[in-house]
Amino acid sequence: MSKTKEKQFKKLKNAHTISSIVIFIIQFILLVGILNVVLTFFTLFLIDIKVDNESKLIRQMAQNYENGNKSGINYDFFVLDKNGKKIEESGVNTCSDKGGVPGTLFGKKDYTVFEDKDNKTLFFDDGGIVTFNLFAPDFSNDDISVYVSSAGELDDINVEGNADIDVPLWIGIKLSNGNTFVAKAHITARLVELIVFIIMFAAVNVFLFVFLIIRLVRIIRGVIRRKKLSELFLIDEVTKGNNWMGFLLGADAILKKRNNAEKRYAIMHIVIVKYRNYCMCHSLEEGKKILHRISDTIDQNIDKKTEISGHVSSSSFALLIEAPTDESVRERFDKLLSQLSDVDSRGNTQQMAGHPDVFKSFSFQAGVHIIEPNVVDGHKTKRKNVDLEKHYNNAVTAKATIESSADSGIAFFDEKLMKNEKWTEAVEEHQQKALDNEEFVVYYQPKYSPEKCELVGAEALIRWQSPEFGFVPPGRFIPIFENNGFITAIDHYMICHVAKQQKKWLDEGVKCVPVSVNVSRAHFAESDLAEQILNMVDAEGLPHNYIEIELTESAFFDDKDMIIETINKLKEYGFSVSMDDFGSGYSSLNSLKDMDLDVLKLDAEFFRGDADSNRKEAVVSEAIKLAKRLKMRTVAEGVEDKDEVEFLEKQGCDMIQGYYFAKPMPAEEYEERMNEVYHVLHE
């Protein structure tokens with residue numbers, strides 16, 4: 001599987017999942033951070049207020065001390081001189097050395113705070129702020145008392161009244177003489193306030209918890225939904241097994257595993273030969289049941305740890321299996337074939353009246369491409385880049401070599417097919433450059449009247465004179481262009497070049513004859529084809545009667561109405577229209593009935609082979625008579641001997657194209673023939 005598609009699928013599979021998780025984490029961090037900031041601010045705000053209020057009481061006590069009224073001091077205290085030496089003390093001194101002027105939320109204060117040695121609930125942090133240590137409170141400590149404030153006396157813990165909690169902190173006030181009065185402050189918090197604070201804290205946490213849980217649930221549900229969507233993306237609707245994308249991803253993962261680095265694998269393209277006929281004679285639903293059974297049978301014959309299968313299209317499956325040897329692949333296919341060959345007879349006894357039992361069995365054809373271990377410097381290493389689509393296309397190419405048969409069979413992608421694939425890649429790589437550089441050369445094959453033996457027309461044929469590949473015959477590149485769609489560009493090229501060459505000859509006084517130009521079957525899918533041809537010929541200034549548009553019989557099996565409309569437009573514009581290769585396939589007389597053609601070309605196969613001469617002559621004779629009755633001229637192509645010419649002359653054939661008169665030739669030689677030899681004698 002290509003890296004681009006693999007990345008696209010992973011992107012689709014993980015779409016919004018990573019971003020949702022990232023957003024969830026960011027939201028969690030932000031909410032926790034905001035909660036922490038709010039709680040910290042609220043706590044510091046309360047502490048700031050309470051410490052400030054307590055400092056006012058201690059300031060009053062300091063004034064009482066200076067006034068000699070020690071009876072007005074009801075806190076433990078001590079006094080320091082200017083040098084920090086203790087000069088007086090009253091009560092229990094548990095004041096710590098750690099402290100300083102607090103820089104609270106509202107700026108610096110005019111008093112000093114010190115921590116209590118025995119209790120670290122309120123502490124002086126590195127930022128110079130009095131804050132609260134959540135983990136320090138010990139209400140069993142004697143330095144923290146709980147009392148009933150209405151009584152105004154210290155008492156044992158009693159939460160039934162208006163209870164307060166007292167936390168010690170030492171506050172120092174500067175006296176007028178330079179000494180410092182330090183008293184043990186009692187920072188109180190009413191129990192009701194703490195309860196409200198705890199309730200608020202719990203409520204915020206509950207809200208945060210619920211919010212985050214809801215977000216997490218949504219993310220999980222989204223992941224589950226995306227997993228189900230990815231399964232729908234990978235699971236085949238009919239077989240309930242892997243579809244093409246599921247096969248690609250699974251096979252890619254298997255091949256890239258380190259444990260499978262030394263293993264030789266085979267990728268297989270298996271086709272049910274008679275599947276469409278079965279669906280036509282039974283029903284589409286019965287066909288789906290068959291596909292389901294075939295998928296189950298295939299899965300039963302593979303090791304799902306190291307092998308994988310998938311339903312690729314209506315009648316084909318893809319397999320990746322271990323392949324120690326080519327023979328082991330054949331043996332496994334034969335084993336699978338023995339189980340698949342009567343898949344319809346197992347569990348499906350319903351038959352439609354009038355249909356033979358041939359539909360109880362199927363033929364299966366397989367193409368195989370071997371994926372060798374990845375060898376670097378003589379060592380087998382882990383596969384990194386695996387182009388599974390290319391390998392599978394090689395298997396499809398191998399299968400195509402046996403598709404003309406209706407029997408079961410298996411074919412391997414070999415060196416010859418590899419060369420063909422490389423040639424196809426080389427042609428496709430150079431096709432546009434060859435067109436731009438006009439490397440394609442127009443050859444002309446004359447058409448002669450068998451009665452007068454004179455030149456009456458020609459067919460334009462293409463050759464490729466390539467600097468890289470030399471002279472390339474059309475059979476080596478035209479099928480490639482037909483498969484990849486480049487043939488339409490070639491059609492334009494040929495029409496333009498023939499029109500330009502014909503106009504040049506006319507201007508030079510050469511007695512020109514109509515030249516037929518092939519237009520591919522693919523081109524007739526374009527509704528404005530007639531207008532395209534008209535514009536190209538008019539651009540060269542050539543009268544329309546010197547160009548004949550030639551289409552193959554197979555084109556009539558596409559959009560018949562569009563083809564009829566295009567033919568009518570071409571004739572209206574003054575072009576002749578001919579049917580090429582009539583009789584090469586299963587001819588449809590309805591095509592001749594419905595389409596107003598000018599020329600009917602009899603295929604060369606009419607004049608080759610060991611068929612009964614009388615029967616062959618009868619068919620050709622009747623075809624010519626039919627054409628005449630439809631007011632069509634006839635051309636017999638591929639004629640090579642005198643007897644055929646004489647027979648066709650007797651039957652009234654209008655033109656003969658073949659080696660008997662002339663082979664395809666370059667424009668210069670064709671021009672000489674027009675100028676020098678207008679009449680050709682029989683040999």
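Trainee: Is strand 26 mostly covered or mostly open, and how many of its residues are buried?
Mentor: Happy to start there, keeping in mind that this is a predicted model. Strand 26 spans residues 633-637 and is mostly covered. Of its five residues, the number buried is four.

Trainee: What handedness does the β-α-β unit of strand 26, helix 16 and strand 27 have?
Mentor: Good one to follow along the chain. The path goes from strand 26 through helix 16, residues 642-651, to strand 27. Together they make a β-α-β unit that is right-handed.

Trainee: Within what arc do the buried residues of helix 16 fall?
Mentor: The buried residues in helix 16 are Glu644, Val645, Phe647 and Leu648. Seen down the helix axis, they line one face, because they fall within a limited arc of 165 degrees. In general, an α-helix has 3.6 residues a turn, so residues three or four places apart point the same way.

Trainee: Which exposed residues does the face of helix 16 turned away from its buried side carry?
Mentor: Look at the side of helix 16 facing away from the buried one. The exposed residues there are Asp643 and Lys650.

Trainee: Is lysine 631 buried or exposed?
Mentor: Lysine 631 is in the loop between helix 15 (613-629) and strand 26. Its phi is positive, near 60 degrees, in a residue other than glycine. Exposed means over 50% relative accessible area. Lysine 631 has 77% relative accessibility, so it counts as exposed.

Trainee: Is cysteine 453 buried or exposed?
Mentor: Cysteine 453 also has a positive phi, about 55 degrees, although it is not a glycine. It is found in the loop between strand 19 (440-448) and strand 20 (455-466). The cut-off for burial is under 20% relative accessible area. With a relative accessible area of 8%, cysteine 453 is therefore buried.

Trainee: What accessible area does the nonpolar surface patch with Leu216 have?
Mentor: Leucine 216 lies in helix 3, residues 191-234, and is partly exposed at 36% relative accessible area. The patch also includes Phe209, Ile213 and Ile220. Its residues together have an accessible area of about 740 Å².

How values were computed: Residues numbered from 1 in each chain as written. Predicted model: local features only at pLDDT ≥ 70, side-chain atom pairs only at ≥ 80, totals over all residues. Heavy atoms only, no water. Buried < 20%, exposed > 50% of the residue type's maximum accessible area, 1.4 Å probe, protein only. Helix = DSSP H or I, 4+ residues; strand = E, 2+ residues; numbered from the N terminus. Right-handed = clockwise from strand over helix to strand, strands pointing away. Patch = residues over 30% accessible without salt bridge, like charges linked within 9 Å, V, L, I, M, F, W, Y side chains within 5 Å. Areas by Shrake-Rupley, 256 points an atom, 1.4 Å probe, with all protein chains shown as cover. Salt bridge = Lys/Arg side-chain N within 4 Å of Asp/Glu carboxyl O. Arc of directions from axis to C-beta.
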